[in-house]
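Please keep the sequence and the model at hand while reading.

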Amino acid sequence: MEEKTMLSEDGRIVRVDNPWCSFYIDTELAPALDESRCGKWMFYFNDIEFAEEVCRKAALGMVVAECKHSSFESVIENGRGVACFYLNLDDVEAHRRVVAFMLEHGLVRKTKSGKLYNIGFKLDDQARAGEYGAGFKA
């Protein structure tokens with residue numbers, strides 16, 4: 001029940017939609033994501049069109065090897081969605097690219113006084129282990 005769409009003329013960047021998420025994958029770079037070192041920077045959204053645009057730009061701009069966002073149906077059901085930019089923990093240049101991209105596109109929330117929230121990078125191993133909420137240590 002997946003639908004695959006080519007986003008780049010050369011077929012390198014694809015979008016894969018399923019009932020829960022839409023993935024944007026650079027088929028040349030994504031194989032380098034190592035399950036034991038892979039994690040994500042996340043942002044939450046209410047506007048699915050905005051999330052689609054941001055993820056598409058990140059994939060086509062080679063900001064990340066892979067990213068995803070919640071599906072339209074999931075956003076309707078839950079009232080909001082989450083998007084994730086995937087990279088390896090030890091890839092310092094990728095972290096710089098992603099954080100710069102997030103700041104450029106206003107993806108890091110600000111406090112009332114205008115300071116940026118301290119967002120955390122989360123390893124996929126932490127997500128698989130169920131580490132969420134107030135006890136989560138990024």
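Is R109 buried or exposed? R109 is exposed, because its relative accessible area is 57%. The model under discussion is predicted.

**R109 and its surroundings**

- R109 belongs to the loop that runs between α3 (92-104) and β7 (122-123).
- Apart from residues up to four places away in sequence, R109 touches K115, L116 and Y117.
- Although R109 and F43 are separated by 66 residues in sequence, their C-alpha atoms are 8.6 Å apart in space.

- Strand β3 covers residues 21-26, and six of its six residues are buried, so the strand is largely enclosed by the rest of the structure.
- Each face of β3 is covered: C21, F23 and I25 are buried on one side, and S22, Y24 and D26 are buried on the other.
- β2 and β3 run antiparallel and are joined by five bridges.
- Three residues lie between β2 and β3, and the two strands form a hairpin.
- Within this pairing, the residue that stands opposite D26 of β3 is I13.
- β3 also pairs with strand β5 (residues 66-70), in the antiparallel sense and over five bridges.

- S8 is found in the loop between β1 (3-6) and β2 (13-17).
- S8 counts as buried because its relative accessibility is 16%, and the cut-off for buried is under 20%.
- A polar contact of 2.6 Å links the side chain of S8 to the side chain of D10.
- When neighbours within four places in sequence are left aside, S8 is in contact with I13 and L60; I13 is the residue already noted opposite D26 in β3.

**Cysteines**

- How many disulfides are there? The count comes to zero.
- The cysteine sulfur closest to that of C38 belongs to C84, and it is 10 Å away, which is too far for a bond; a disulfide requires sulfur atoms within 2.5 Å.
- C84 is likewise in no disulfide, and its nearest cysteine sulfur, that of C21, is 7.6 Å away.
- C38 is buried, with a relative accessible area of 7%.
- C84 also counts as buried, at 3% relative accessibility.
- C21, in turn, is one of the buried residues of β3.

Notes:
Residues numbered from 1 in each chain as written. Predicted model: local features only at pLDDT ≥ 70, side-chain atom pairs only at ≥ 80, totals over all residues. Heavy atoms only, no water. Helix = DSSP H or I, 4+ residues; strand = E, 2+ residues; numbered from the N terminus. Buried < 20%, exposed > 50% of the residue type's maximum accessible area, 1.4 Å probe, protein only. Contact = heavy atoms within 4.5 Å. Polar contact = N/O pair within 3.5 Å; in protein donor to acceptor, adjacent residues only side chain to side chain. Pairing = 2+ DSSP bridges.
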